[in-house]
2 protein chains.
Amino acid sequence: MNSKLTWLRNTMTSLNLQGMIISNPINIKYLTGIDAEGILLITRKENVYITDGRYIEYAHSVLTLFDEIIVYNITDVSQEDYENFFMFCENVGFEEHYVTYAKYKEYMHKFKINSLVETENIIEKQRTIKDEDEIKYIKTACEITDKCFSYMLTYIKPGMTEKEIAREIEKFYNENAEGVSFETIVASGENSSKPHTVPSDRKIQDEDIITIDMGCKYKGYCSDMTRTIFVGKVPEYIKPIYDLVLKNQQQVLDEMKDGSNTRMLTKNVENDFRLNNYDLIHALGHGVGMEIHERPFISSRNDSILKENMVVTDEPGIYISGQFGVRIEDTVLITKIGCISLTESAKNYTII
Amino acid sequence: MNSKLTWLRNTMTSLNLQGMIISNPINIKYLTGIDAEGILLITRKENVYITDGRYIEYAHSVLTLFDEIIVYNITDVSQEDYENFFMFCENVGFEEHYVTYAKYKEYMHKFKINSLVETENIIEKQRTIKDEDEIKYIKTACEITDKCFSYMLTYIKPGMTEKEIAREIEKFYNENAEGVSFETIVASGENSSKPHTVPSDRKIQDEDIITIDMGCKYKGYCSDMTRTIFVGKVPEYIKPIYDLVLKNQQQVLDEMKDGSNTRMLTKNVENDFRLNNYDLIHALGHGVGMEIHERPFISSRNDSILKENMVVTDEPGIYISGQFGVRIEDTVLITKIGCISLTESAKNYTII
């Protein structure tokens, strides 16, 4: 059995779970390598993956004997089989944050389980701590993102639309990685005042501010970086805000390490922004891994502790409605004594 | 209030629901036009949309006074507000097929609701019947898909990789529509034997078979079409299988109309395939609308009835493991007396 399934079985034992139904496809991919539609059952004696005709051949191609996972075609599983999977199991875990209420009721009926137990994101929590391979993949995704950004600095010219720029970034990622890890944001001029806007047909103008939020996937793992750049010159009225965002982004990098409290990290930025009459209107950051947004969530509403080998973002921003916005973001590896920024593009005033 | 919210309120009355919590963002977009993160509450007297700082400005820009929807910033909603929303409501509906078990428990606590009632996909079911505008948008998405396919027939040449072809399709859709409605499938040679494969670096060769499954979005609505084409010539051993798939695809088009039973439609194809020693290993089709896959699902496991103004796909396929596959798919509008194929690309042997 692979190390991740072994970890899961040990954890289940410690939680007094004799079985578990894993439904979240990202968790299944994490545990088995299979990226398809199906469910993974951890029964007393076996690991069972149930999928449909479309994925049987594929699932077998991913797995080795070493994985000790039996693949079933869903059409071959009888009601009796369902009832046998968890027979004599006192407690069977399920993913209450992924499984819908309707599915929960269906599981209860189909598997005839006495006690279906909430597992409180155990797999998602384990996924926050990256192993050596995972860190290597994210690091590579970040390096490709730095290269893409540095190419884009030579590519972007006044007269291009936000959409054209976003497509060039996507083309770069298609050719040098496994495509984008999320929809690229290119927000210029007043559009930059909306943190989650989509690229428009607005053309880049002289003296524009441009916020670019970009990331790619490499071996299934994501990168995430934002830079705010300028065309021709940095307008004087933007400088204090850019400086304030950068100061706080840097401050967070200085503070982040194994043991840091995510609420405190965020509160510090919120307070400094408020002292200057601005607000942090979104979270300070989030975990990055197989998903672009995953645990831990770094905001003043979340009281969690950063741990060694977590990978998270640090992305404060200030948005002046209808005028402009500034956001600066790195993807960061947490270590025992501090943190290492995996995205390394320059953050001083960048003028194209 | 718009016609869709009016419909919902009438339906709720007939189901004895005094309130409803709508959490599925696609349903919220359908009812309000808002494409963001938040929840929509239909209370006795008001329609309330609760979102966060990122989307407040956007939500206001989408809504008009006529919509009668009040937008709240989640940070301004107190525990007392939550308890007041559904005060004196006997039954409050929720989307049990979207809401997770954990969210269900959270709603119970937060809103202090006596009876949270399953609503059995009422909004998804209503979404299956398209109005005039929705049909217009899907029709346009299908026309763009036909144009893209006819362009691709002139573009594809031996030596190109599947990925290059998929990217050209995506480029076409980015320039002529709102991008793809799902990840384009370009499966050549033996890759075509896997119905859900992703484009690879395999180069197109002489005498190849190529299955292309493609679709775009227009005004938020999807198209979906598959064609299987040939390079240089149609190998004799493939012809009987191509003919069998096409015959059945055409037969289904002849049978589909208001009142058709989806299980029967599928069983007919399954039986004809089996008579020839093949199997239909996936569903026969699915609804198409704001989502690429939505109700109704057309398979032998689903007993539903097609209705006028539904838009569905008809996509039988045969796959010979490790050798090749053939799939032919149209997006189709159901009418009182028959159906109209909205994708119109030729389906006879197509040789490039």
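Me: How many helices and strands does the secondary structure of chain A come to, and what share of chain A is buried?

Reply: The C-alpha atoms of chain A, in this predicted model, fill a box of roughly 70 × 40 × 35 Å along the principal axes. Among contacts between residues at least 6 apart in sequence, 66% join residues at least 24 apart. The secondary structure of chain A comprises 10 helices and 18 strands, and of its 352 residues the buried share is 43%.

Me: How far apart do the C-alpha centres of domain 1 and domain 2 of chain A lie?

Reply: Chain A is divided into two parts, with domain 1 covering 3–126 and domain 2 covering 132–341. Between the C-alpha centres of domain 1 of chain A and domain 2 of chain A, the distance is 36 Å.

Me: Which element gives the largest share of the side of domain 1 of chain A that touches domain 2 of chain A?

Reply: The contact takes five residues from domain 1 of chain A and four residues from domain 2 of chain A. On the domain 1 side, the elements that give two or more residues are α2 (25–32) and α6 (122–127) of chain A. By class, this side has two nonpolar, no polar and three charged residues. Its largest share, three residues, comes from α2(A).

Me: What kind of axis relates the two copies?

Reply: Two copies of a chain are related by a rotation about an axis and a shift along it. Chain B can be laid on chain A by a turn of 180° and a shift of 0.0 Å along the axis, with an RMSD of 0.0 Å. The two copies are therefore related as by a two-fold rotation axis.

Me: Which residue of chain B comes closest to the rotation axis?

Reply: The copies meet through the same surface, because 100% of the interface residues of chain B are also interface residues in chain A. By C-alpha position, the residue of chain B that comes closest to the rotation axis, at 1.9 Å, is Thr100(B).

Me: Which element of chain B gives the largest share of the side that touches chain A?

Reply: The contact takes 20 residues from chain B and 20 residues from chain A. On the chain B side, the elements that give two or more residues are α3 (56–62), α5 (101–111) and α8 (162–176) of chain B. The residues of this side divide into eight nonpolar, seven polar and five charged. The largest share, three residues, comes from α5(B).

Me: Which residue just after α10(B) takes a positive phi?

Reply: Helix α10 of chain B spans residues 262–275. Just after α10(B), a positive phi of about 65° is taken by Asn277(B).

Conventions: Residues are numbered from 1 along each chain as its sequence is written. Chains are lettered from A and ligands numbered from 1 in the order in which they are written. This is a predicted model: local features need pLDDT of at least 70, side-chain atom pairs count only at pLDDT 80 or more; totals for chains, interfaces and linings use all residues. Two residues are in contact if their C-beta atoms, placed from the backbone, lie within 7 Å. Helices (H or I, at least four residues) and strands (E, at least two) are DSSP runs, numbered from the N terminus. Ala, Val, Leu, Ile, Met, Phe, Trp, Tyr, Cys and Pro count as nonpolar, Asp, Glu, Lys and Arg as charged, and the others, Gly among them, as polar. Domain bounds come from an automatic or database domain assignment. A residue is buried if 20 or more other C-beta atoms lie within 10 Å of its own, exposed if 12 or fewer, and partly exposed in between; C-beta atoms are placed from the backbone. Copies are superposed by least squares on the C-alpha atoms of residues with pLDDT of at least 70 in both. The expected span of a helix is 1.5 Å times one less than its number of residues.
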